[in-house]
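Please look over the sequence and the structure below before reading on. The briefing that follows is arranged by topic.

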Amino acid sequence: MATGPDPAGTRFFCTTGRGLEPFVLREVRARLGAKQVEYVSGKVFFTTSSDLNTLKRLKSAERLFLLVKRQHPLPAYPRHKEKTFRELQRLVHDAPELWLEALSTWERLLAHEAKERTLSPRTTAPQGKRAGDSEALIAKKLRTEHTLEEPKSLQSGQLGKEREEEAVPGHRGLVSQDPLPGIQGEAATAAGTKDPGSLTFRVSCRCSGAIAKAFTTQEVSRLVGVALMKQFGWRADLRRPRLEVFLHLSDVYSVVGIPVLRVPLASRAYIQTAGLRSTVAWAMASLAEIQAGAFVLDPMCGLGTILLEAAREWPNACYVGADISDAQLVGAGDNLTAAGFWDRVELLKASVTVIWN
């Protein structure tokens with residue numbers, strides 16, 4: 001039987017853009033009542049008993065993970081790879097109970113959300129959109145939106161062979177061509193994993209520092225994937241895995257996690273055309289300390305991303321956006337209409353000039 005979050009709290013971490021760590025620190029404390037909050041560059045670690053719906057409200061974070069392991073950096077032996085390989089295998093073999101506990105928590109979170117979704121009355125999305133349309137929109141945006149670096153993955157059946165992947169424009173990383181199943185599908189089947197051998201997975205890996213110079217991400221992913229198959233009987237499947245395992249190995253730490261959501265927190269269903277990165281837009285809006293009844297002007301609004309984030313988070317204010325570009329204003333208008341905010345934000349064609357005496 002599905003139950004809610006553990007009252008004692010669960011250990012999570014978020015990835016975040018460089019410089020946004022203070023915003024995530026404040027947000028997880030304020031929204032989630034998080035404890036044991038700490039951070040390193042690009043990651044914020046915390047403990048909370050919040051449910052999945054509350055976790056999804058985070059605005060300044062990129063992705064959300066269940067923490068499986070966090071430890072000191074692994075040693076790299078370029079001339080003796082077998083030593084490093086043994087260290088990598090120990091990530092799995094030394095404490096298998098941590099993996100099983102994280103898997104159980106992941107399934108409990110998804111099953112609890114599925115139960116709440118079944119019991120809750122359906123709500124109508126703005127502009128007549130169905131709930132499934134939002135997931136389809138996000139999946140499409142993931143191929144075109146500027147995202148943080150996405151790691152390479154372990155391929156099903158051919159662990160030694162590299163899978164063809166496509167580069168995202170304006171994006172330093174690579175992302176699989178195959179669509180990923182939505183969170184609704186995961187939640188519907190989360191409680192049904194009784195046989196460990198029926199669980200499909202893939203390993204995504206990021207390496208930096210000394211270990212990145214000595215080994216490729218494919219070598220690391222393949223070795224960890226084989227260790228997981230031998231330890232738990234899981235089956236590798238890159239195309240449509242039920243579970244993703246994330247590793248980040250650097251000179252500072254070794255982190256292993258399980259993504260809680262397939263879609264990054266930074267991908268907003270209510271933003272049709274991305275302009276400024278949504279997490280940055282939210283952070284900038286939060287710095288304005290918007291109060292009820294305030295008048296908020298974005299003099300160079302572009303596609304209106306800051307206004308969208310502000311209007312959604314602080315709805316009891318008056319918002320005006322201005323831009324000199326007709327194309328940008330058209331895009332901003334489309335975004336506002338798609339989000340159902342057209343009556344809450346005014347757009348003006350105007351130029352901001354400074355006259356020096």
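D326 and K349 are joined by a salt bridge between their side chains, with N and O 3.1 Å apart. D326 belongs to helix α11 (residues 326–339) and K349 to strand β14 (residues 345–349), so this pair ties together parts of the chain that are 23 residues apart in sequence. The model is a predicted one, and its salt bridges come to a count of eleven.

**Accessibility of the D326 and K349 pair**

- D326 has a relative accessibility of 47% and therefore counts as partly exposed.
- K349, with a relative accessibility of 52%, counts as exposed.

- Because E244 lies in strand β10 (residues 243–249) and R63 in strand β4 (residues 63–71), the pair ties together parts that are 181 residues apart in sequence.
- E244 is buried, its relative accessible area being 5%, and R63 likewise counts as buried, at 10% relative accessibility.

- E38 is partly exposed, with a relative accessible area of 36%.

**How helices α1 and α9 meet**

- Helix α1 (residues 21–32) and helix α9 (residues 278–287) have axes that come within 11 Å and cross at roughly 75 degrees.
- The two helices, α1 and α9, are therefore roughly perpendicular to each other.
- On the α1 side the contact is made by F23, E27 and R31, which meet W282, A283, S286 and L287 of α9.
- The residues in this contact of α1 with α9 divide into four nonpolar, one polar and two charged.

**Helix α8 and the residue after it**

- Helix α8 (residues 217–232) has 16 residues, and the distance from its first C-alpha to its last is 22 Å, close to the 22 Å expected at 1.5 Å a residue.
- The buried residues of α8 include T217, E219, V220, L223, V224, L228 and F232.
- G233 follows α8, and the phi of G233 is positive, near 80 degrees.

Key
Residues are numbered from 1 along each chain as its sequence is written. This is a predicted model: local features need pLDDT of at least 70, side-chain atom pairs count only at pLDDT 80 or more; totals for chains, interfaces and linings use all residues. Side-chain values use heavy atoms; hydrogens and water are left out. Axes are lines fitted to C-alpha atoms, for helices over the stretch in contact, and angles run from 0 to 180 degrees between N-to-C directions. Helices (H or I, at least four residues) and strands (E, at least two) are DSSP runs, numbered from the N terminus. Angles under 35 degrees count as roughly parallel, over 145 as roughly antiparallel, 65 to 115 as roughly perpendicular and the rest as oblique. Contact means heavy atoms within 4.5 Å. Ala, Val, Leu, Ile, Met, Phe, Trp, Tyr, Cys and Pro count as nonpolar, Asp, Glu, Lys and Arg as charged, and the others, Gly among them, as polar. The expected span of a helix is 1.5 Å times one less than its number of residues. Buried means under 20% relative accessible area, exposed over 50%, partly exposed in between (1.4 Å probe, protein chains only). A salt bridge is a side-chain nitrogen of Lys or Arg within 4 Å of a carboxyl oxygen of Asp or Glu.
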